[in-house]
Amino acid sequence: MPVMIALRSALVALDGSAYSESATALSIQWAKRSGARLLGLGVLDAPSIDRPEPVPMGAGAYKRTRDEARLVDAHRRVLGFLADFKSRSAAAGVTADVVEDIGDPAVRILREVQRCDLVVIGRQTHFRFETQDQPDTTLAGILRDSPRPIVIVPRELPEGRGIVVAYGGSREAARTLQTFQLLGLAGGEEIDVVSIHRDRAEAEGIVRLAGDFLSAHEAPHRLHPVASDVAPAEVVLDEVRRRRPRLLVMGAQGHHGLRDLFATSVTRAVLGACPVPVFVGA
């Protein structure tokens, strides 16, 4: 029998948004199945609240009073996020700790995730809830610098079964598939591996590499080489919509790592439109 190394811990980034609610629900599902410990992290984004800004003559005292009130309110709300997370985890029989941190959200998440196997975070983040209504840029920093895999969660968790792996044959893709398999996140479900290339023979060769790896781990899987001139992101999204998995695993597309592609339309299209959570390798 193959040796399985199950998920042991996960950091869940909490900002009180609907995306954060879905991240909580997914992490609790996984923790119940694996016995993993959860770490709920709430970040008081003080730098965005009390940052220097120009004010009219004599208005400095007003700004200080306003900032202090915002900090108090943000602290209260973060404690509420953490209490709710701990309560939901306990109700599900899941072991969970919580931490309130202060500072830049991306910096604090990148530090705390070193304690865990991966980070679960919403596709949109709203850590600056005191100062802006729009999503902030936390996720971009996490994708760029995370030392651990990232699970990016949509606003709602759809029903689904099985896993789709978008496999490009790069170093990043190979590492992502290995990490995913060793964490035991497939749970014995079928893994559909999709490789995309203009040349079908090349796509077949790439997808067989992933198949051989999964066979060595006795993981049930099916291989799908796709010959297409269509943008890889469109093909991947079509496969996800058609197969309706519960998770997409994504390391790299083409010849570039995901980190290098974050600013491109390809990666934005996949992460921005994927209807299921996306597991991204570090």
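Predicted model: local features only at pLDDT ≥ 70, side-chain atom pairs only at ≥ 80, totals over all residues.
Leaving aside its neighbours within four places in sequence, which residues is D101 in contact with?

Residues are numbered from 1 along each chain as its sequence is written, and side-chain values use heavy atoms, with hydrogens and water left out.

Strands here are DSSP runs of E, at least two residues, and helices are runs of H or I, at least four residues, numbered from the N terminus; two strands pair if DSSP finds at least two bridges between them. Over at strand 8, seven bridges join it to strand 7 (residues 191-197), and the two run parallel. V193 stands opposite L223 there.

Back to D101, which lies in strand 3. With a relative accessibility of 11%, D101 counts as buried (buried is under 20% relative accessible area, exposed over 50%, partly exposed in between, with a 1.4 Å probe and protein chains only). And its partners, leaving aside neighbours within four places in sequence? L41, G42, V43, L44, R108 and E112, where contact means heavy atoms within 4.5 Å.

Now, helices. Axes are lines fitted to C-alpha atoms, for helices over the stretch in contact, and angles run from 0 to 180 degrees between N-to-C directions. Helix 4 and helix 5 pack at about 35°, with axes 8 Å apart. P105, A106, I109 and L110 of helix 4 meet T138, G141, I142 and D145 of helix 5.

Last, the inside. The largest nonpolar core has 45 residues, and L118, F180, I191 and F279 have the most contacts inside it. A nonpolar core is a set of buried Ala, Val, Leu, Ile, Met, Phe, Trp, Tyr and Cys residues joined through side-chain atoms within 4.5 Å. Domain 1 (9-153) and domain 2 (163-280) both contribute residues, so this core lies between them; those bounds come from an automatic or database domain assignment.
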